[in-house]
Structure formats: C-alpha cells, structure tokens
Amino acid sequence: MFTSRACIVLRQRKVFFLLVAFIFVLLFVFGSFSNPEDYEKEYPLQLENEQLVICYESNTDYRKSLYATNLPDITDEPSTTQRNNHQPQALQQPVNGTEPVIYFVTPTYPRREQIAEIIRLGQTLMHVPRLHWIVADDTTSCSDVLNRHIRKFGIPYTQLASPMPEMYRARKNAPRGVANRRAALNWIRRNQKKTGVLYFGDDDNTFDLKLFSEIRYTKKVSMFPVGLIGDYGISSPIVRNGRVEGFFDSWPAKRKWPVDMAGFAVSLEYLALSPNATMPFKAGYEEDEFLKSIGLKLEDIEPKARNCTEILVWHTQTKSSKSPTVRISMDRQKLDKLNLGALLRRLESMGVNHISESE
Ligand SMILES: *[C@@H]1O[C@H](CO)[C@@H](O)[C@H](O)[C@H]1NC(C)=O
C-alpha cells in the first residue's frame, strides 16, 4: 500500500515535469514562428528615423580621356586556335553622351580599410564613362576625409550619410549596407531619375571593366555570375538556350531569388514601375526581398556575360582587423620634425590607427 502510493506520487511528478517541458517546447516553437512577423515590420519604405543626408555632390565629369575605351575584348577562355589571331573588338563603345547612365551604388562604413577600398574602387570606376557614383556612408555625419578621396577621381558622384537605425545595429547579424542602399533608392526617386541602370557594387568587390558595357543596356533586370561566393566559389543563374531557368548558389535558404547583390542590374524604367520597391533590414535576404519588391519574373531576366559563362565581378572581400593604438614615446614637436608626425596624423584621420602618448 505504502509503496504503491509512493509510486503514484512519483508518476505525478513525472507528469508534472513532462508538462513543464511541453510548455517550454510550445513557447519555443511559438517564439520562432513569430519571427517572420517581426520581419514584416522591416518593410516600411521610409522609417521615421531614417536619414537621407546629401553630403557632397558633383554632376560634372572631370576625368581625362578614358583608358578603357579601346581595350580589346579578349575572353579568358582557353583557345584551341593560335593566340592573337582574332580581331580585337572594342570593350567600350565610343561615348557620345546619350548612353544610359549607370548609377553605381556603393554602401560603405567607417573602418580602417575604408579609404584604401574607396581608392581601389574609384580607380576602377575612373575607366567607366557615363557613370554616377553614389557612395552611401553608414554614419550620422558627413565624412570630409571620405569626400576628399571620392572627389579626386573626377567622377560624377553623390556622397550620402545614411546610418543604420540603432535598433538593427544591436543585432548580432546586423543587416549592413541596407540603410545605405535604401538611401540611394530614395535619392534616385527624389531626383526623378527614370532612365539609366541601377547597380549595387560594394567597396570590397573586384569589377571587370567589361561588366559595365554588359549592364548598361539592361532592359529590365540583367543577371550574371559572381565569383568567390559561398561553398561553390560562384553564384550564378542557370541558363539554357539563352534563358534563365534557375540558380546555382550554395545558400538557397528558401530564397525565391538566390543571387548575390553584385549579380544583377536593374533598369530605372523598370524600377519606376514599382514605386514601393525597397530593401528590408533582414540580413541574408536583402537581394531576394528587393527583387520580390520590384515584381521580378523569371522571363524578365536577361543573362549577361556570354550567357553567364564569364565572371565579370568577384566578391573579393578584404580581411579586416581592429585599428591598433600606437604609443609614441617621442614628444609631438620632435615627431613633427620627422615625416612621422604628418604620416601618423594622416593614418589617424583615415581610421587606420590611433596615436597615444600614454597607452
Ligand atoms: C546565348 O545563347 C543563345 C541561345 O543559345 C544564343 O542565341 C546567343 O547568341 C547566346 N549569346 C551569347 C552572347 O553568346
């Protein structure tokens, strides 16, 4: 009798623990299901605290004659015929000023590699005629140091200050570059740019000059492979008979459009058909949701880069590291008699390192 009652108490306890565990599982499942609803809140076109600050702008092209204009278009395909026996074609058509303008949107953020990246990218873009460079910086105030390094290229440009809203900054997987691209989209809309081509080109990618002549006459949306993406080393549309049929990407993640940000261009005529086009603050799904927001259909996609057999853009990525603090034991006046005073101050202004007399 005594033992059987103990048994019942034990069983009741077991049931109680199972019940508690069940409730926890329920809470967990419910919690993860409510996440997509959170994302729904990330759609508004213009957040209340979203900023679009135009820092500096130039619409004049100060560049000298373009080196790239007469570069021969030589493919890197292994050839069975003898080398150099084909007639080179011009890479860029001669410019007459009526070609569609490429709006090249570069999100950037202050870090020690920022200025080096901007110089490298600017020197690529110097070769591209009819291009307007929109550089959107993830800061609340306009960076004069950044501007000095943008304007020296003579490329028509707009420098924006477009900080990520604080609420997203705290996340461990913060959606970087979204506020910047949204600001660029708003700039395009506000300035009534209805002809030309939109392209998102990050500051740490490598661009083949041929990319620009490929995307310039995009009718709706053009797509092409991006090298050095994910486990396959490439993200590319799958093309058959000159038409896009699917996507080759190592991270499909249930995305309708599993493509990289650098793997497509959109004509502004087509973009203008979707006045609510936007990019949500949702890390990993920016491309997918943006392309959904412009109502893209598979048959609207034009494959470029020889039916997606060539790689004209690479997701190179620069290894980043923290800026060190350098302790200088020599006093400032002595340092200024050497080159080191000016040199270290310049590096500090670019955020490459910090100088301290005590640390
Ligand atoms: C792409 O493929 C289509 C169909 O096979 C062909 O007609 C077209 O010429 C190709 N384009 C290029 C640039 O090779």
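Is Ala 305 buried or exposed, and how many other C-beta atoms lie within 10 Å? Ala 305 is buried, because 23 other C-beta atoms lie within 10 Å, where a residue counts as buried if 20 or more other C-beta atoms lie within 10 Å of its own, as exposed if 12 or fewer do, and as partly exposed in between, with C-beta atoms placed from the backbone. The structure is a predicted model, in which local features need pLDDT of at least 70 and side-chain atom pairs count only at pLDDT 80 or more, while totals for chains, interfaces and linings use all residues. Residues are numbered from 1 along each chain as its sequence is written.

The secondary structure of the protein chain comes to twelve helices and 15 strands, where helices (H or I, at least four residues) and strands (E, at least two) are DSSP runs numbered from the N terminus. Of the 359 residues in the protein chain, 31% are buried. Among contacts between residues at least 6 apart in sequence, 76% join residues at least 24 apart, a contact being counted if the C-beta atoms of two residues, placed from the backbone, lie within 7 Å.

An open sheet with mixed pairing is formed by eight strands in the order E1-E4-E3-E2-E5-E11-E7-E12, and two strands pair if DSSP finds at least two bridges between them. Its edge strands, each of which pairs on one side only, are E1 (53-58) and E12 (301-303). Neighbouring strands of this sheet are turned by 20° against each other on average, direction ignored, with axes taken as lines fitted to C-alpha atoms (for helices over the stretch in contact) and angles running from 0 to 180 degrees between N-to-C directions. Within the sheet, strand E7 (residues 221-223) runs antiparallel to strand E11 (residues 264-267) and is joined to it by three bridges, and Val 221 has Val 266 in E11 as its bridge partner.

Strands E9 (residues 234-240) and E10 (residues 243-248) are also antiparallel and are joined by five bridges, with Arg 240 bridged to Arg 243 in E10. These two strands form a hairpin with two residues between them, and Asn 241 in the turn has a positive phi of about 50°. Asn 241 is also one of the residues surrounding the ligand, together with Gly 242, Arg 306 and Asn 307; a residue is near a molecule or strand if its C-beta atom, placed from the backbone, lies within 6 Å of it.

Two further residues other than glycine have a positive phi, namely Leu 228, at about 65°, and Ala 305, near 55°. Leu 228 is found in the loop between strand E8 (226-227) and E9 and is partly exposed, with 16 other C-beta atoms within 10 Å, whereas Ala 305 is found in helix H10 (residues 305-308).

UniProt places a "binding site" at Asp 204, which lies in the loop between strand E5 (197-200) and strand E6 (206-207). Asp 204 counts as buried because it has 20 C-beta neighbours inside 10 Å, and, leaving aside its neighbours within four places in sequence, it is in contact with Glu 117, Thr 316, Gln 317 and Thr 318. For "active site", UniProt lists Glu 287, a residue of helix H9 (residues 286-293).

Note on methods. UniProt positions renumbered as here; feature names shortened; annotations may be inferred.
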